[in-house]
Amino acid sequence: MLIWRCKMLNVASFFSGAGGFDLGFKKAGYNIVFGNDNWEKAAKTFRRNFPESYFIEGDIKDITEESLKKILKERGIKKINIVIGGPPCQCFTRLNNNKLRKDDERNQLFKEYVRVIKILSPDFVVMENVADLLIRKDKKNRPFKELICGEFRKTGYNISYKIFKTEKYGVPQKRRRIIFLATKKNIDLSFPEESKKITKVGDFLKKIKNLKNLKNTEIIKNEPNVLTRIKLIPPGGYYENLPEKFKTKKIRDGKLVTVKRYGSYYRRLSNSEPAPTITNNYIIHPTKNRYLTNKEKAILHTFPINFVFCGKTGDVSQQIANAVPPKLAENIAKHILKINQHP
Ligand SMILES: C[S@@+](CC[C@H](N)C(=O)[O-])C[C@H]1O[C@@H](n2cnc3c(N)ncnc32)[C@H](O)[C@@H]1O
């Protein structure tokens, strides 16, 4: 019943990338009316996997009220019920902490998001970003989370946010993401509850029986010195677990010292744990002596096995790293159905 009613709900998505967010909503039964992105490779992936949806390929700044109205009219859509989107997060992420530019124009893209929301006037808005957004401030020292909430409130939305631990929402990955949920309806906002069960790598990788005949399965060939090190890393281990003689050395103050590395360096997954956040860095297969293929990364991101990513290997890896895990999105999509029907 829930699913049947949900088929009527229309979604518009911005900063859609490959469509991870969209896929979760589609799986929960929503109608994805259109997506938008200015990256050609992501646009190709989206069009391939959502052939029934329209796609606006281009900068969000160039989307006008007229163009949106035209798309809706041509598709016979009277109302967009939900807008979803993940404005780029490079400026908020810890990885870029050192070179964080507080006046980076990408920090302002959420304002463009609010602009198109004003035009579409949906009942609900969902916005995803990296968890570090919670502690970031702009050049006037104002917390971004307050600026974002303020912008939505000014537009007539009640807004709330929560940090999600994806391994507690059916995703075999320890990813931390902030989800803002906003509504124009007079209802109490809440979020889906965490499961007590932690989702693990082993349950997912076993879905891939055979890499043959699947797209995005290119195996990265390793130099012999890299392969030697890969073989020495135990499940769940990384560079630190290498015998001393295999660690990088450098001269400091005339002495030969061992170089320390981040936890992602030469990281091998463990079947009995969730993966760390999937980025576009290399990560070692839990039982095989090679890096994960993009297909395996996508599976750990909860994309279905038949989802095809377009572009070169690096483009595909970036699209996966950028994506909202579809299973997380599906949890949120189903929860919105619930609060919409039983406020
Ligand atoms: C974090 S990713 C979104 C991932 C997506 N939500 C998913 O689940 O697959 C952000 C996307 O915003 C796109 N983007 C960046 N600047 C943009 C702009 N000015 N207009 C439209 N899209 C933009 C990027 O190309 C990227 O694909």
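## Strand pairing

How many bridges join strand β2 to β3? Strand β2, residues 31-37, is joined to β3 by 4 bridges, and the two run parallel; strands here are DSSP runs of E with at least two residues, helices are runs of H or I with at least four residues, and both are numbered from the N terminus. Within this pairing, N36 stands opposite I56 in β3.

This is a predicted model, in which local features need pLDDT of at least 70 and side-chain atom pairs count only at pLDDT 80 or more, whereas totals for chains, interfaces and linings use all residues. Residues are numbered from 1 along each chain as its sequence is written, and side-chain values use heavy atoms, with hydrogens and water left out.

## The sheet and its helices

An open sheet of mixed pairing is formed by 7 strands in the order β3-β2-β1-β4-β5-β8-β6, where two strands pair if DSSP finds at least two bridges between them. Its edge strands, β3 (54-57) and β6 (158-165), each pair on one side only.

Helix α2 (residues 20-27) lies across β1 (10-14), β2, β4 (82-85) and β5 (124-130), running at about 145° to β4, while helix α4 (residues 65-74) lies across β2 and β3 at about 150° to β2. Contact here means heavy atoms within 4.5 Å; the angles, from 0 to 180 degrees, are taken between N-to-C directions of lines fitted to C-alpha atoms, for helices over the stretch in contact.

## The ligand shell

The ligand is surrounded by 20 residues, the closest being F21, D37, D59, I60 and V324; a residue is counted if one of its heavy atoms lies within 4 Å. A backbone N or O atom of F21 lies 3.0 Å from an oxygen atom of the ligand, and a backbone N or O atom of N38 lies 3.3 Å from a ligand nitrogen atom.

Technical notes: A polar contact is a pair of N or O atoms within 3.5 Å; within protein, one must be able to donate a hydrogen and the other to accept it, and residues adjacent in sequence count only if both atoms are side-chain atoms.
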